[in-house]
Number of protein chains: 2
Amino acid sequence: MSQKPDFDNMACPLPLMDHDTIQLAHGAGGRLSADLIEKLILPRFSSEELDRLEDQAVLDLPPGKLAFSTDTFVVSPIFFPGGDIGDLAINGTVNDVAMSGAEVVALSVGFVLEEGLPMADFHRILCSMEKAAAKAGVRIVTGDTKVVGHGACDKIFINTSGIGVIPSHLNLDSRLISPGDKILLSGSLADHGMAVMTAREELSFQAPLMSDSAALNGMIRKILEVCPNIKTMRDPTRGGVATTLNEFAAGSNTGIRLEGDRVPVLPDVMGACEILGIDPLYVANEGKLIAVVPEQDADAVLQVMREDELGNDAVILGEVVAEHPGMVTLLTALGTERIVDMPIGEQLPRIC
Amino acid sequence: MSQKPDFDNMACPLPLMDHDTIQLAHGAGGRLSADLIEKLILPRFSSEELDRLEDQAVLDLPPGKLAFSTDTFVVSPIFFPGGDIGDLAINGTVNDVAMSGAEVVALSVGFVLEEGLPMADFHRILCSMEKAAAKAGVRIVTGDTKVVGHGACDKIFINTSGIGVIPSHLNLDSRLISPGDKILLSGSLADHGMAVMTAREELSFQAPLMSDSAALNGMIRKILEVCPNIKTMRDPTRGGVATTLNEFAAGSNTGIRLEGDRVPVLPDVMGACEILGIDPLYVANEGKLIAVVPEQDADAVLQVMREDELGNDAVILGEVVAEHPGMVTLLTALGTERIVDMPIGEQLPRIC
């Protein structure tokens, strides 16, 4: 029986470097830049394209439409239970590309490093990115590294941009959502946001809350096999499920009605939300997806989600309705219906 | 007679916003985020793909190989004579993609904004990006905006990633450089680096030194018409011409010999370099390219460069030789030959 590689236990020893911390010269394009790239970065990200060290990657792509996405990650703290800024930067962009129905082909990585960042921290992040990219089956093909002076950025920011190819028979578009469609959610809410928040505030729980940071492209591949007529998918990150669904409702001019008793939240996460006075519907997730599917496909998609290791707790969260177009509502356990509004501003800054 | 649009005098009035400065909530994914995107960003960058406000753009591309590049811009100060961080972010990535021979198709933009950044400054940068994108003929198709607290970044960082399509008959590769090839440079050196440096240090000259920030994809299109067998092109940014040529020499295992009396440097730029003790060969350029071409094509490429408004001062800077493989040398006016080494570290931090 073939085994999956054990990504979590990949060896990743820190190479011997001339400096223990990042220096301004590591971003200057000269010898120290070359040293950082060759000793620390390339061993983690090696790909045919990246190894050429040109200013751009050249790729042969299969036919289809191209999906293209970008995201900059500024999460604080940079290490948190269940992940770090590195795997988040890989998973976040893999997910953004894959939600279009695309097979994710390649990522770019752009670092902004603060002078003085411990080399061991940067290396730990690189190792985490390597593992996340291997798990997701994507290559890093081009990159850029800048260094700014102490105090000019907070440790490290990472931009990832991604490209993928969408098979020509797929046409996902959130404007196609129509009454009768079912809203599926692949698992529990608010794990990432509350993990980062409690790590930042140093709140203690019996066990630390864990981020759900994960790449969903494998699950998406299986969903598309059973439901090629899927309307749309999105990962509810910043702003949470409430924001994603409000955008769907506004864009398709339909209403969305959620069943409140089906909103899956882990007990410890719910506890933290209650202590901090935060509604889990508004909290960022980094390993969950919302799918809007025709009613007749809902059960098949739910089953595929639940069979995936990242979707065991998937639910049919609600449905698209003709009433209250542009608005999201939630049926409470008491039988009342309340509006789930668009959030006004920041509940949790620098969550991703 | 048809006229070119007057990009430099495009009207760009600041819309009425609820806040005079960037707030944390502008990056939170809620209503204030939507407000910033709809009122300030989309009017400048509107494209069919971006207006859909999905997490990824979907593009139909013509056939060919795909070029993909990324760059994060952290220049300080963010405004300088001849440009700002906005046009630099557009031109820099357009150039990185175009140097592969690609027609640049689309860009992504990722902002990191510091809480408290004046809205008028951000708007000025957006207007500058709009003009640069229009001049270069590229669309901005997807983006991301993050806000970090005061002191967690220095005003604004911009990542741009770009994609382009390389016609299948082209095969640029710096490893193909061989003895006899000519090294062409499209104009004067060190303009960008010295403009930023003198602006930062508030050095006074009779007239301010101007950055050469410009998109070179138009010139490249014409070069490829007369020289489809061109070996390679690159824009000598960080590390300057010296770094680019050292990388060419190392990658192709050839020597490169420059004619010192042909190195074009504007008199005021040379003056600033002398005051600051900086060799213009090591200073960043943002609107110049180096082309390595077969000897028989050199004159035709030189003529095409000089006919372009961005290449009036183009020169044949030197040639590829079989001697001293991996090494770049410069024949001085005195007839001696000195080594042009790879720079060790940072001469000018945060130049781009």
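User: In this predicted model, which residue is the bridge partner of A106(B) in β6(B)?

Analyst: Strands of a sheet pair through backbone hydrogen bonds, in either a parallel or an antiparallel sense. Here, A106(B) has R139(B) of β6(B) as its bridge partner.

User: In which sense do β5 of chain B and β6(B) pair, and over how many bridges?

Analyst: The pairing of β5 (residues 103-114) of chain B with β6(B) is parallel and extends over 9 bridges.

User: What is the strand order of the open sheet, and which are its edge strands?

Analyst: The open sheet has 5 strands in the order β1(A)-β2(B)-β7(B)-β5(B)-β6(B), and its pairing is mixed. An edge strand pairs on one side only, as do β1 (57-59) of chain A and β6 (139-148) of chain B. From one strand to the next, the twist averages 15 degrees.

User: Which strands does helix α4 of chain B lie across, and at what angle to β5(B) does it run?

Analyst: Helix α4 (residues 119-136) of chain B lies across β5, β6 and β7 (156-166) of that chain, running at about 175 degrees to β5(B).

User: Turning to chain A, where is T93(A) found, and why does T93(A) count as buried or exposed?

Analyst: A residue is called buried when its relative accessible area is under 20%. T93(A) is found in helix α3 (residues 85-98) of chain A, and T93(A) counts as buried because its relative accessibility is 0%.

User: What surrounds T93(A), and which side chain makes a polar contact with its side chain?

Analyst: Leaving aside residues up to four places away in sequence, T93(A) touches S69(A), D71(A), F73(A), L107(A), T160(A), S161(A) and G162(A). The side chains of T93(A) and T160(A) make a polar contact at 2.6 Å.

Note on methods: Residues numbered from 1 in each chain as written. Chains lettered and ligands numbered in written order. Predicted model: local features only at pLDDT ≥ 70, side-chain atom pairs only at ≥ 80, totals over all residues. Heavy atoms only, no water. Helix = DSSP H or I, 4+ residues; strand = E, 2+ residues; numbered from the N terminus. Buried < 20%, exposed > 50% of the residue type's maximum accessible area, 1.4 Å probe, protein only. Polar contact = N/O pair within 3.5 Å; in protein donor to acceptor, adjacent residues only side chain to side chain. Contact = heavy atoms within 4.5 Å. Pairing = 2+ DSSP bridges. Axes fitted to C-alpha atoms, helices over the stretch in contact; angles between N-to-C directions.
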